[in-house]
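Please look over the sequence and the model before reading on.

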Amino acid sequence: MKTIVVYYSNKGSNKYLAEKISKSLVCEIEEIKPRLNIFLLFLMSIHLGNRSLKHDMKEFDKVILCGPIWMGKLIPPLRSFITTYFQQINKLIFVTCCGSTYAKKDEKFGHGLVFKEVGNILKDKCIYYQAFPIGLVLPDDKKEDTDAFMKTHLNDENFKGEIQERFESFIEKVNVIPV
Ligand SMILES: Cc1cc2nc3c(=O)[nH]c(=O)nc-3n(C[C@H](O)[C@H](O)[C@H](O)COP(=O)(O)O)c2cc1C
């Protein structure tokens with residue numbers, strides 16, 4: 001079973017997560033590089049597409065797409081990846097390190113809405129979704145604190161406890177999930 005992790009990250013948490021997934025699964029990894037990597041333009045929905053990827057998506061049974069959520073949206077670099085490579089993608093797993101908690105996933109800025117959007121585009125090509133809210137590495141009184149989660153990035157120091165356990169379950173699931 002051939003798998004590739006494809007990721008976009010602005011501040012590093014999704015890069016960290018993507019690299020951890022690729023190391024655990026011992027699989028290929030590639031970064032999505034927007035032609036114009038200007039965060040403020042993305043927020044205004046101005047996006048000129050991504051540079052072409054080196055890997056051929058057709059060669060992989062599973063693509064694990066990893067990236068952040070901004071303003072409750074499927075962000076332009078990830079949307080562009082999905083639409084550009086739609087035909088080549090066999091099955092896709094969508095993963096995000098985001099701000100929204102599991103409890104608030106279906107609210108306006110929740111990751112649940114983005115999962116639905118990815119599912120609507122990819123239909124049965126999308127076989128699994130997983131969020132790793134940054135609050136998992138914050139103390140209980142800071143889990144919902146926007147300021148705290150904006151300033152927190154995944155690293156070897158904080159990737160332990162609940163997030164580590166959820167990560168291990170995720171890897172087990174990915175290993176057995178049928179395509
Ligand atoms: C402008 C902005 C808007 C954001 N909006 C959301 C949001 O609507 N929902 C959410 O779950 N997280 C939101 N976040 C949090 C990011 O998804 C989170 O910080 C993520 O881990 C950043 O990933 P990166 O370090 O790979 O860039 C937002 C972050 C920024 C900077």
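The points below cover the ligand site, a surface patch and some of the salt bridges.

The model is a predicted one. The salt bridges number nine, and a nonpolar patch lies on the surface.

**Ligand site**

- The side chain of Ser9 has an N or O atom 2.6 Å from an oxygen atom of the ligand.
- Gly72 has a polar backbone atom 2.6 Å from a ligand oxygen atom.
- Cys97 also places a backbone N or O atom 2.9 Å from an oxygen atom of the ligand.

**Nonpolar surface patch**

- The patch consists of Leu36, Ile38, Phe39, Leu40, Leu43, Leu48, Met71 and Phe109.
- Together these residues have about 750 Å² of accessible area.
- Leu36 sits in the loop between β2 (28-31) and α2 (39-43).
- Leu36 counts as partly exposed because its relative accessible area is 31%, and patch residues need over 30%.

**Salt bridges**

- Side chains of opposite charge can pair when their charged atoms come close.
- Glu59 and Lys2 form a salt bridge, with 3.5 Å between the closest N and O atoms.
- This pair links distant parts of the chain, 57 residues apart: Glu59 is in the loop between α2 and β3 (62-66), and Lys2 is in the segment before β1 (3-7).
- Glu59 is partly exposed at 47% relative accessibility, and Lys2 is partly exposed at 40%.
- Asp140 and Lys143 form another salt bridge, their closest N and O atoms being 4.0 Å apart.
- Asp140 is exposed, at 69% relative accessible area, whereas Lys143 is partly exposed at 22%.
- Asp147 and Lys151 meet through their side chains in a salt bridge of 3.0 Å, N to O.
- Asp147 and Lys151 are about one helical turn apart because they are four residues apart in helix α5 (residues 146-151).
- Asp147 is partly exposed, with a relative accessible area of 48%, while Lys151 is exposed, with 60%.

Technical notes:
Residues are numbered from 1 along each chain as its sequence is written. This is a predicted model: local features need pLDDT of at least 70, side-chain atom pairs count only at pLDDT 80 or more; totals for chains, interfaces and linings use all residues. Side-chain values use heavy atoms; hydrogens and water are left out. Patches are made of residues with over 30% relative accessible area and no salt bridge: like charges are joined within 9 Å, nonpolar side chains (Val, Leu, Ile, Met, Phe, Trp, Tyr) within 5 Å. Accessible areas come from the Shrake-Rupley method with a 1.4 Å probe; for residues, only the protein chains shown count as cover. Helices (H or I, at least four residues) and strands (E, at least two) are DSSP runs, numbered from the N terminus. Buried means under 20% relative accessible area, exposed over 50%, partly exposed in between (1.4 Å probe, protein chains only). A polar contact is a pair of N or O atoms within 3.5 Å; within protein, one must be able to donate a hydrogen and the other to accept it, and residues adjacent in sequence count only if both atoms are side-chain atoms.
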